[in-house]
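Please have the sequence and the coordinates open side by side. The explanation below goes through them chain by chain and then across the contact.

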Amino acid sequence: MSIVRSTYHSRLSALSRQSRRIGDQMARAQLEASSGLKVLRASDAPGRTSYIHSVRESRADQSEYTSNADWAFQHLAAADGGLGGFAQVISEARELAVQMSSETYNTDSRINSQADATALFDRAIQHGNTNLGGRYLFAGEAYDSEAFDSVTGAYLGDTEEPEVAVADGNVSVLTGFDGSNLLQGSGDVITAIQNLETALGTGSATNVQATIDELDAALEQIAVARTVLGGEMQRAEDGRDMAQNMTIALASQESDLVDVDAVESFTNLFEIQQAFEAALQVTANARSSLLFSRL
Amino acid sequence: MSLISSLNTAASGLRVASQGINVTSHNVTNATTEGYSRRTLRVETSLPALSGGFGIGTGANPVGAKRSADIFVNRRLVDAVGQDSRSSSRYQTLRTVEASFDEVSQNGPASLLANFFDSMSRLTQDPSDGSLREDALTQGERFTDGIQKVAGDLQTGRESIYEELEQTSSEINNRLSQVAQFNAAITASTTEMGAGDFMDKRDQLIHELADEFGFTAVFNGDGTAQVSIGGHAAVTGAEFRSIQVQQTAAGVAQVDLETGSGTVDVTDVVGGYFGGRLDAQSDIVGFEADLNTFVDTLGTAFNTQHAAGFDQTGAPGGDFFTFSAGSEAATFSLDTALAADSSLIAAAGLATAAAGDGANLESLIGVESQLLFAGGTQDSTEALGAVYASVGRAVATAEMDNYTASATLDDLRALRDAASGVDLDQEAADLLAWQASYQASARVVTTTNQMLAELMEIVR
């Protein structure tokens, strides 16, 4: 068996290298403990880098979906307020129609109440032109201008409806509506009030009586519209909830991939510090182990 | 044998002990000198003198100082120094490159890509909103800036390798020349001690050449060393050949070695520090190609989709991004006209569309998740992540190589130290031995002197 000769210089060099390596490990452990991250560079986990980026990108997407869903919900809530106003107007119009179709009232009374119907028409147009921050909610994609003409009641908007994405896979919710479809479908809300106004102008109880069915249909139309809108609001809420849940799940996933376990990290740092101090002590002892110093 | 002869024998002991102390002193003084090999005094017994039919010893003579060296270990050490230096410089260079991708603050291209598409997603809330359009352009510009910055860092890193090589080539040639001069001095040296010192200095130069450039050496029986690179001799005896560095049209460094009839390209066989730098150069060229492919694919797909839409004036969309072939990443930017006018974002699907028409916007956002890369298997996030992973893998591999090379070098240094290193404890013991030897010889001298004095007294 041969014994490898060990010199004083090589012993100190070996100890120095060992101390330096422990020092490097300590620097790394300190960095991890202070940053809370175990993946600080792509080379720390090259096999997982692409996946980490996908998780982060998904998290960013979920954040946008949450924002979009909130944004959509605010606009849908404002639109729902508009439809509620519409329902109120149509109810009042129906009450007026029922009242004026009664023989209790004479022709003059009916003609005089035409002004009430005109006021109801104006209110209906107002609700039809409901806007949030200048965005007309029943004008379809042409939401930068009014949905209904204030004089004729004609629809001025677009038939395409704006929407925003609230989840992956092109899941989107409406943020505005085609007023011509929503309010002038099977029961034309605007025309029903206009017809009441006209009927009252004739002073004929029969004519007024004839508008009640239209107004009932209009009320039904509003109810349908509110159901549609309520469904969109529900979808917006669902989208927000899903995005928030996904955000939490993805954050947890990202944390597993890149974050250090705090307890493990500090324990590791403590152990390395102990080893470093021991290495320094051994080096100090080795420095004094020299025959020359004893001559 | 006469008393005078005894006096001479003791005097030779004094000379040997003095030389022994000299050699020990030389060893102790050079204990920490890099590349120094321990010397051992070589002593020969003097020829015996015939006296009365007997051969009587006449003492000893110092005949030289033997250099303790293991040629096999030294040769392996030269290779290991080169390997360690090579892996270290590659690792350090790639770590710098890796920092450009900025994984920690998440402000690197991958995050900026996600931010850009998120801003496009926000724009779907209101495609007519000027501030959202401006935000989309801002995020687009940040993304292109991020790609450009990385491309710029890669280019700077690549070019710095050539510049450093070019600046260092004269120093390398100077060292090759010095090795040749030391070879000549070793051949001409008349003393073992002197030749040993020349060898130590030459070997140190060879280690530096191995460390810097990956030169290898073969030590000949006559004490000279032949220095080569990739099998091409750079120093043979007292002759040396110089290296030359040039930049190719592709912007990468090329190293040539002079031959008798011209030059030979040794770029691929350069080792040591510059070998590592050249390895990193190859890595960087690969990263640049990956990044250029990414920009070209994404930019082209996005521009194609953008052209399918209509801007706020009802005109078909123009280019969203611009870039030049061959340097896609370095020239990646927003179209100048678009950058100055956010209304040119072609969000609408129809020329006569209403303000809220974001049909094309949806398609543009869809480009992010289209499987456009790696033969239709990766989307843009995965493709950019793959570039990051490629950088990360290269750095991790270089780190592991460096660790292995460093450990090998440590082992060989320990072996060299075992064969050639100065052990101060041993030198202290040798010093005590030479001191005792000197004292003993001196005692013989004084004893012989007393005997001679007593003899003189008798004669008187």
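This is a predicted model: local features need pLDDT of at least 70, side-chain atom pairs count only at pLDDT 80 or more; totals for chains, interfaces and linings use all residues.

Residues are numbered from 1 along each chain as its sequence is written, while chains are lettered from A and ligands numbered from 1 in the order in which they are written.

Start with chain A, which has eight helices and four strands. Helices here are DSSP runs of H or I with at least four residues, strands are runs of E with at least two, and both are numbered from the N terminus. Read from the N terminus, the order of elements in chain A is α-α-α-α-β-β-β-β-α-α-α-α. Chain A is more spread out than a compact globule, because its radius of gyration is 38 Å, well over the 19 Å that the globule rule gives for 295 residues. The radius of gyration is taken over C-alpha atoms, and the globule rule is 2.2 Å times the number of residues to the power 0.38. The C-alpha trace of chain A spans about 135 × 30 × 30 Å along its principal axes.

One helix pair of chain A can be followed in detail. Helix 2 (residues 46-100) and helix 7 (residues 205-258) of chain A have axes that come within 7 Å and cross at roughly 165 degrees. Axes are lines fitted to C-alpha atoms, for helices over the stretch in contact, and angles run from 0 to 180 degrees between N-to-C directions. Helix 2 of chain A and helix 7 of chain A are therefore roughly antiparallel to each other. Angles under 35 degrees count as roughly parallel, over 145 as roughly antiparallel, 65 to 115 as roughly perpendicular and the rest as oblique. The crossing of helix 2 of chain A and helix 7 of chain A is left-handed, a term for a near helix turned anticlockwise from the far one by less than a right angle, with clockwise giving right-handed. Residues of this contact between helix 2 of chain A and helix 7 of chain A comprise 33 nonpolar, 10 polar and 12 charged. Ala, Val, Leu, Ile, Met, Phe, Trp, Tyr, Cys and Pro count as nonpolar, Asp, Glu, Lys and Arg as charged, and the others, Gly among them, as polar.

Chain B contains 10 helices and 13 strands. Its radius of gyration is 37 Å, whereas a compact globule of 460 residues would have one near 23 Å. The C-alpha trace of chain B spans about 140 × 50 × 35 Å along its principal axes.

Two domains are assigned in chain B: domain 1 (3-68 + 428-459) and domain 2 (70-420). Their C-alpha centres lie 63 Å apart. In chain B, 10 residues of domain 1 are in contact with 10 residues of domain 2, where contact means that the C-beta atoms of two residues, placed from the backbone, lie within 7 Å. On the side of domain 1 of chain B that touches domain 2 of chain B, strand 4 (residues 60-67) of chain B gives the most, with three residues. By class, that side of domain 1 of chain B has two nonpolar, four polar and four charged residues.

Within chain B, the axes of helix 3 and helix 9 come within 10 Å and cross at roughly 170 degrees. Helix 3 of chain B and helix 9 of chain B are therefore roughly antiparallel. Helix 3 of chain B contributes P109(B), A110(B), L113(B) and A114(B), and helix 9 of chain B contributes S380(B), T381(B), L384(B), G385(B) and Y388(B). This contact of helix 3 of chain B with helix 9 of chain B has six nonpolar, three polar and no charged residues.

Now turn to the contact of the chains, which takes 44 residues from chain B and 42 residues from chain A. On the side of chain B that touches chain A, helix 3 (109-123), helix 9 (380-420) and helix 10 (424-459) of chain B each supply at least two residues. Helix 9 of chain B gives the most to that side, with 17 residues.

Key: Domain bounds come from an automatic or database domain assignment.
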